[in-house]
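Subject: Structure handover

Hello,

Here is the structure for you to look over. My notes on it follow below.

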Amino acid sequence: MILGIDSTTERLHLALVAGDRAWTRGIPVGQGHSHSHALLPAISELMAEAGAGPARLTGVAACVGPGGFTSLRIGVATAEGLALTGLPTWGFSAFELRAKALGEAGVPGPFWILLDGQRQEAFVQKWGGAALSEAERRPMASLPHHLGGLPWWAPQAFHSRLDPILGPCPIKLPDEGDATLRGLVALCRERVGQVPESPLVPFYLRETDAEVNFPAASTHLSPALRQGLAR
Amino acid sequence: MLLLGLESSCDDCSAAVVEETPAGPLLRSMIRRSQDELHGPYGGVVPELAARDHLLNLGGVTAEALAQAGVQLKDLDRVAVTQGPGLVGSLLTTFSASKALAWRAGLPWVGVHHLLGHLNAARFGAPDLEFPALVILVSGGHTHLYRAESWTHLELLQKTRDDAAGEAFDKTARMLNLGYPGGPIVDRCAQRAETAAKLFTPPKFRDGKPSWSFSGLKTAMKLRIASDPGLDVAGPEDPRVQSLCRSLNETVASWLLKPLPDYAQAHRARSLVISGGVACNSELRSQAAKVAKRLGLRLAIPEPRLCTDNGAMIASAGALLPLPESPWSTNADSDLKL
C-alpha cells in the first residue's frame, strides 16, 4: 500500500494506493505550518477508511516542490520519518504532479505548467508525456514572450494574477482538486517499480534571501541548499 | 524505559537514545550535527538555511543514533522531540518526522519544551538533585533565571530585557574577527590571558526591576575595540585580545551570578542548575562553583556536550512528561509557553 503526499500548496493532497484500489483526500489547510496539524491525522483517517493500519504501508511518494518552503518540508519530513521505519521513499515535483493530473483529465500536451513563484515570478516548465524543458523561475511580465503561444495551465489560485498578463487560462480543468488527486494516484502507481530515493531532497527553485543578499558569503552552499535538486 | 530524543530548534540537528532507569537517565548514544560551518560566513544563524539543512540530515542523524546505541525502533518505549520554542522551520523538520516515525512504529510520542530539555540535561549528572532549585538557562537565544520545583517545572524569576548573553560572545568574536560561533572562541582566547582587561560596568535599570541586559555590553565592547587601533585585526594570539576576552568572560559570569544570593534566600533554594550553550563557558563554571559553595547550594552544570542543544536532554525531559491525548495533531510552536 503506497502513500502519496503533496503538502506544497494550501490544499493538502493525499492518496493511498493498493493495486487497482485507491483512496484519496484533499484538505484545505491554509498557509504555513497548519499542514503539521492536519497531515498525520488525515493520513491516519485515510488508512482507517481503507481498513488498514500503519503497518500495511509499503512505500511513500512525496511531492518535493516547488511550493511553500515550510509546507513542502512538512510533507517531506513526514516521508523521511516514515522512511526511518523501513519504508522506501520516492520524490516527484509539483510540475510532474500537475502534468499527471492534466494527463489523467485527457489534456493533450505539449503545454506549459505555471506555478505561483511569489514575488512577481512564476515557476514554469513545459510538459508533454514527460518534462520537455528545465523548470525555471520567470518574471511574470516575461511570460507572454516565453510561452511562445503554447497552451498553458495554472492552478486556479494563481489565475487572478496571471489574467492581466496572459488572459484567461486556455486549459480548463472542471475539478482541479479531484484531478490532482487522480494525478497523485497515477504517480504512486508509477513510482512503485522505480528505484527508491533516500534522503528525499526538496526542489525549492528559489534560493534563500541570505544567498541573494550575501552572494560572497554563500559560495560554500551546496546545490541542495541553494535551489534544491532540480527535476 | 528506552527513548529516542530529537532536537532541531535552531542550528543543531541531534538525535539521542536514552535509557530512563530508577537511578536516572543513562545516555546510550548521541549524534549532533552542527551547522556552524554553514552559518559561519553570515555571522549568525540563517533560519531558512537551517531548516533546509536539518531536513537533509535528520534521517541520517537519527539512524546513526539508533545504530550507535545498538537499538531498533521496536526496542523503543517512547519518542520525544522539541516542540518549541525555536525557529519554526527548523522545529518542524524533526517534529514532523518524529510524529510519522512514532505513528508508523506504534510508539508513544511526546513534544518537549526546549527549556525543560535544558533543565533535564542536568539530570544525567545529578539525578538526585534537591528542589527547589534556581535554574539559569543561558545561550545565544535565552538568558533566563527560573525557580524549579521539580524536573518538569520552571517558573520565571528574571530574564534579559534585550539580547541573550550568548550574543555578546558572538558579536565580540565578530568584531575581533575571531570566527564563529563566538562562545567557545572567546573562551579559549580568555583562558590564555595573563590578566583581564578592565571589567565592564553593569547596567542600572530605572524601574528597579530585577533583570539582565546585554545590548549595552555589545556597544561598550564596540567602543572599547574602536579605542585601540588595530585590535580588531590583531587576532587570537595578541595579549590585548586575550585580556579583553577574559574581561568579557568575567563580566558575563559575574552579571549572571549576581542575583543568586537574594533569590536563594527568598526561595530557600537547595540547588543551582546552569544549562544552555553559555554554560560551557569556563569562567562561568568556575565562578558558579564558588557562588554555589558560598550559598550552600548543590551545583549541577551538565557536561559541555549536554549544555549545547542536543537530543539527549529532550529524551531526558520526555521521559518524565505525560503523553498528549492527541499526539498526531500536535503542532510545533515557535513561541511555546512553559
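Two strands count as paired if DSSP finds at least two bridges between them. Strands (E, at least two residues) and helices (H or I, at least four residues) are DSSP runs, numbered from the N terminus. By that rule, strand 7 (residues 121-127) and strand 8 of chain A pair in the antiparallel sense over four bridges. A:Glu121 has A:Pro139, in strand 8 of chain A, as its bridge partner.

This is a predicted model, in which local features need pLDDT of at least 70 and side-chain atom pairs count only at pLDDT 80 or more, while totals for chains, interfaces and linings use all residues. Residues are numbered from 1 along each chain as its sequence is written, chains are lettered from A and ligands numbered from 1 in the order in which they are written, and side-chain values use heavy atoms, with hydrogens and water left out.

The sheet in chain A

The strand pair belongs to an open sheet of four strands in chain A, with order 8-7-6-9 and mixed pairing. Its edge strands are strand 8 (136-139) and strand 9 (152-153) of chain A, each pairing on one side only.

Chain A against chain B

Contact means heavy atoms within 4.5 Å. Chain A puts 42 residues into the contact and chain B puts in 35 residues. Buried area is the accessible area (1.4 Å probe) that two parts lose on being put together, summed over both. For chain A and chain B that is about 3,200 Å², with 70% from carbon and sulfur atoms.

A salt bridge needs a side-chain nitrogen of Lys or Arg within 4 Å of a carboxyl oxygen of Asp or Glu. The rule finds one salt bridge across this interface. It joins the side chains of A:Arg73 and B:Glu48 (2.9 Å, N to O).

A polar contact is a pair of N or O atoms within 3.5 Å; within protein, one must be able to donate a hydrogen and the other to accept it, and residues adjacent in sequence count only if both atoms are side-chain atoms. Between chain A and chain B there are 14 residue pairs in polar contact (both at pLDDT 80 or more). Helix 1 (34-49), helix 2 (69-83) and helix 8 (223-226) of chain A each give at least two residues to the side of chain A that touches chain B. The largest share of that side, 10 residues, comes from helix 2 of chain A.

Domains of chain A

Domain bounds come from an automatic or database domain assignment. For chain A it gives domain 1 (2-95 + 176-200) and domain 2 (108-166). Four residues of domain 1 of chain A are in contact with 10 residues of domain 2 of chain A. These two domains bury about 610 Å² between them, 72% of it on carbon and sulfur atoms. On the domain 1 side, A:Pro66, A:Phe95 and A:Glu176 lose the most area, together 87% of what that side buries. Across this interface the rule finds zero salt bridges.

Domains of chain B

Chain B is assigned domain 1 (2-122 + 305-329) and domain 2 (126-301). Their C-alpha centres lie 26 Å apart. The contact takes 23 residues from domain 1 of chain B and 24 residues from domain 2 of chain B. The area buried between them is about 1,700 Å². Zero salt bridges are found across this interface. The count of residue pairs in polar contact is six (both at pLDDT 80 or more).

Best wishes
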